[in-house]
Amino acid sequence: MPSKRSVPGVKPYNSAAGGWGALRATAIAVREQMELSEAPLLLYRTNKPAGFDCPGCAWPDKAHTSTFQFCENGAKAVTWEATKKRVTPEFFGRHTVAELLGWTDHDLEDEGRLTHPMAYDAASDTYQPVEWDEAFARIGAVLRALPSANAAEFYTSGRASNEAAFLYQLFAREYGTNNFPDCSNMCHEATSQGLPKSIGIGKGTVSLDDFDHCEMIIAIGHNPGTNHPRMMGTLHEVSRRGVPIIVFNPLKERALERFTDPQNPVEMASMGSTPIASSYYQVKVGGDAAALKGICKALLALNALDHGFIAEHTNGFAAFAADLAATGWAEIEAASGLGRAALESVAAAYAKSNATIVSYGMGVTQHSKGTATVQQIANLLLLRGNFGKPGAGICPLRGHSNVQGDRTVGINEKPGDALLEGIEKRFGFAPPRAHGHDAVAAMQAIVAGESKVLVALGGNLAVAMPDPEQCFAAMRKLDLAVHIATKLNRSHLLIGKESILLPCLGRTELDVQATGVQSITVEDSMTMVHASAGKLPPASEHLRSEPAIVAGMAKATLPGSKVDWAGLVADYDLIRNDIEAVFPDFKDYNERIRVPGGFRLPLPPTERVWKTDSGKAEFLVLAGVEIDPPVSAAAPFRLTTIRSHDQYNTTIYGLDDRYRGVFGRRDVVFMNRDDLAAQGLEHGDVVDIEAVLPQTARRLSGFTVIAYDIAAGSVAAYYPEANVLVPLDYFDAQSGTPSYKSVPVKISRAAA
Ligand SMILES: Nc1nc2c(c(=O)[nH]1)N[C@H]1C(S)=C(S)[C@@H](COP(=O)(O)OP(=O)(O)OC[C@H]3O[C@@H](n4cnc5c(=O)[nH]c(N)nc54)[C@H](O)[C@@H]3O)O[C@H]1N2
Ligand SMILES: Nc1nc2c(c(=O)[nH]1)N[C@H]1C(S)=C(S)[C@@H](COP(=O)(O)OP(=O)(O)OC[C@H]3O[C@@H](n4cnc5c(=O)[nH]c(N)nc54)[C@H](O)[C@@H]3O)O[C@H]1N2
Ligand SMILES: [Mo]
């Protein structure tokens, strides 16, 4: 949308996504972080059978044969880790923690890779080098002195391998707690909690092959051009097959409109592109459940159901249909922002498709009723039997590259009996049974002064969570924080009594242990488990692998441990044998990961087997259409928080958001042109954004409002800058996921 007023750093982007711009950005990422000579080989090894798994996203690759070199945001993730820049003890000697706290998130991480274990020294307000054994001994001493193991929190960010995550949960459970806050709690927990009740497993059911056979895709609330870049190749192929792709997204996202595949020589040479969405519905923020109910209601009216499937495989249809009958079109239209005719046309197209995939991301999960909304997607698919047949199924787009695997191997604050019994049988200790903390509960326990130690296997918890004011203050109340990390971030600088930074190997790096070179394994969004082995020399000789660091902490904490920590670290095959013993689904684990592409874990719904209480798939009713607290005259807009093209969660690679036409800045709020006019505002005005919720007042000042093609009544700003507007206790009660994408706000011209 062109505007007459020129706003610094805002310039409409008129091309297709991908294409030469993506190649140019890849080259810049390589140049800024690496020596050019190494980069081509490194990018070539990404997602190859003998190479390493891209830490950028969890989208699978066909037998790991992709020409990954062309994935712009994958290249950013890889080069950011494989950078030549270093954060050494000398760096920490030169900068106090107080000074570093004044740096931006981008500047902190851009200093490069951590090289040495460090411990905070209060007298000088600096991190000082420490020997590994001394660090482990200190961690062990503090953990052993805690009055209860439940006063410690063991956070996992989803880059950790299956091997690291398995050892980590084993350590925490032998120590005595199920406190496993996890990045998944901020992300796809609505999927993990919602889908088991619907279809018996909290994971997606499609495989890449299904995209070759589908007759329709409905894509809800995800931005693959930025966040699942390798999915663009798949969508490009599907679109060229003539398959309808129906998008629900409040913002016009360029990659969902049209895309030039850098791997397509003809498109590249001719400056051509392929349309992606066949229809693009700008649903209101938080309006997806209403839209889904509308499509289901229209489908019932068309009588285009798979009655045989419903009768044989499902429960609860009558109650579901009754609720739809009682839900009026007026309320559906008001909540979704979409007209009845539009939703009826989606239903008509859906009725014609014999195999439909619904994909979705954070636009669905990060709402007060995210779990129930995920279940509405399952309902829609069940109506036409879209499980257990080629080309059909549900496709949650996972976040971190191994977040799904971490959960599979035991990072779970509410462990089931099978897991607990499996551990007891294999290792001979009785793990705790009481449920532990998820991410919000962990932070609340730290705020309350009940939890005193935080161990973080990766991530940037305090910045990723809602409400930095509370979370930052909470971190400063800890007796001890331990951060296992590749790069420096703000969570490391929020220091209580003691803080220890343990630098680890990344995916790209060679991992050599006592028995030789090791590989790790990960599980992608489609439940494929495969090996990953880095080849680069480690960023520093002092780095240790994540499994080795976890084992080091465990040995120092648990003198009488039943686990042979040193033996497991010497040979990761032995860790995989233990995983297989605890989780029978990993049968022949070591043999099967030696096959290129790895293997698929069982997914019962693909065989129309439903591991629910009833043994059937369940239609689950979401009463009403509002999934979030309603907006009001006092707070007429609903704010969603999103990722720019140049960031990976809290890692800010750069300040551009190319496809949305924002350059060199992140202090903007996207708003519909009519809404701007109605507020008496103009494109480029400086505004204050105020969250209006029963909790304390929150304000973000000095943001620039820009006119954007976004649904009326919806506004968007970047995460993590906008996290100050999200209260810590504002979350989906069923899954604990913060409602990051649903803050009622008012927007007013900034006071002069
Ligand atoms: N390059 C890169 N890759 C990443 C990440 C990254 O930060 N950078 N993060 C990784 C992680 S951990 C995750 S979880 C995923 C995140 O991947 P996505 O789910 O794609 O992430 P978001 O940017 O949070 O939001 C996605 C989309 O939801 C839309 N949206 C917002 N609110 C709503 C709503 O109420 N309804 C609907 N229908 N849509 C809405 C936004 O306009 C945006 O297009 O990506 C992973 N991959
Ligand atoms: N407002 C708002 N907030 C959100 C979201 C949102 O959409 N809106 N999204 C949420 C989501 S989906 C997620 S997943 C969370 C993300 O939360 P986290 O996973 O906690 O955050 P990241 O930014 O991915 O973590 C970055 C840090 O991980 C470390 N790191 C990188 N690679 C490795 C590695 O290989 N090993 C180890 N040990 N450390 C490594 C680096 O030190 C880096 O600084 O944020 C959530 N917060
Ligand atoms: Mo995520």
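Predicted model: local features only at pLDDT ≥ 70, side-chain atom pairs only at ≥ 80, totals over all residues.
Residues are numbered from 1 along each chain as its sequence is written, chains are lettered from A and ligands numbered from 1 in the order in which they are written, and side-chain values use heavy atoms, with hydrogens and water left out.

Let's start with ligand 2. There are 31 residues around it, and E109, Y155, E546, T650 and N723 come nearest (a residue is near if one of its heavy atoms lies within 4 Å). By type, this shell splits into twelve nonpolar, 13 polar and six charged residues; here Ala, Val, Leu, Ile, Met, Phe, Trp, Tyr, Cys and Pro count as nonpolar, Asp, Glu, Lys and Arg as charged, and the others, Gly among them, as polar.

Now for individual atoms. Q366 has a polar side-chain atom 3.1 Å from an oxygen atom of ligand 2. On the nitrogen side, T486 places a side-chain N or O atom 3.2 Å from a nitrogen atom of the ligand, and for Y740 the corresponding distance to a ligand nitrogen atom is 3.4 Å. On its own, ligand 2 has 940 Å² of accessible area, and the protein covers 97% of that (areas come from the Shrake-Rupley method with a 1.4 Å probe).

On to the rings. The whole structure holds 24 aromatic pairs; rings of Phe, Tyr and Trp (its six-membered ring) pair if their centres lie within 6.5 Å, with planes under 30 degrees apart counted as stacked, over 60 as edge-to-face and the rest as tilted. Take F154 and Y168: their centres are 5.9 Å apart and their planes at 75°, so this pair is edge-to-face. F154 sits in strand β6 (residues 152-156) and Y168 in helix α8 (residues 162-175), so the pair ties together parts 14 residues apart in sequence. Helices (H or I, at least four residues) and strands (E, at least two) are DSSP runs, numbered from the N terminus.

F309 and W610 also form an edge-to-face pair, at 6.1 Å centre to centre and 85° between the planes. F309 belongs to helix α16 (residues 307-313) and W610 to the loop between β22 (599-600) and β23 (617-618), so this contact ties together parts 301 residues apart in sequence.

Finally, ring pairs link F166, F427, F583, F586, Y589 and F599 into a cluster.

How values were computed
Polar contact = N/O pair within 3.5 Å; in protein donor to acceptor, adjacent residues only side chain to side chain.
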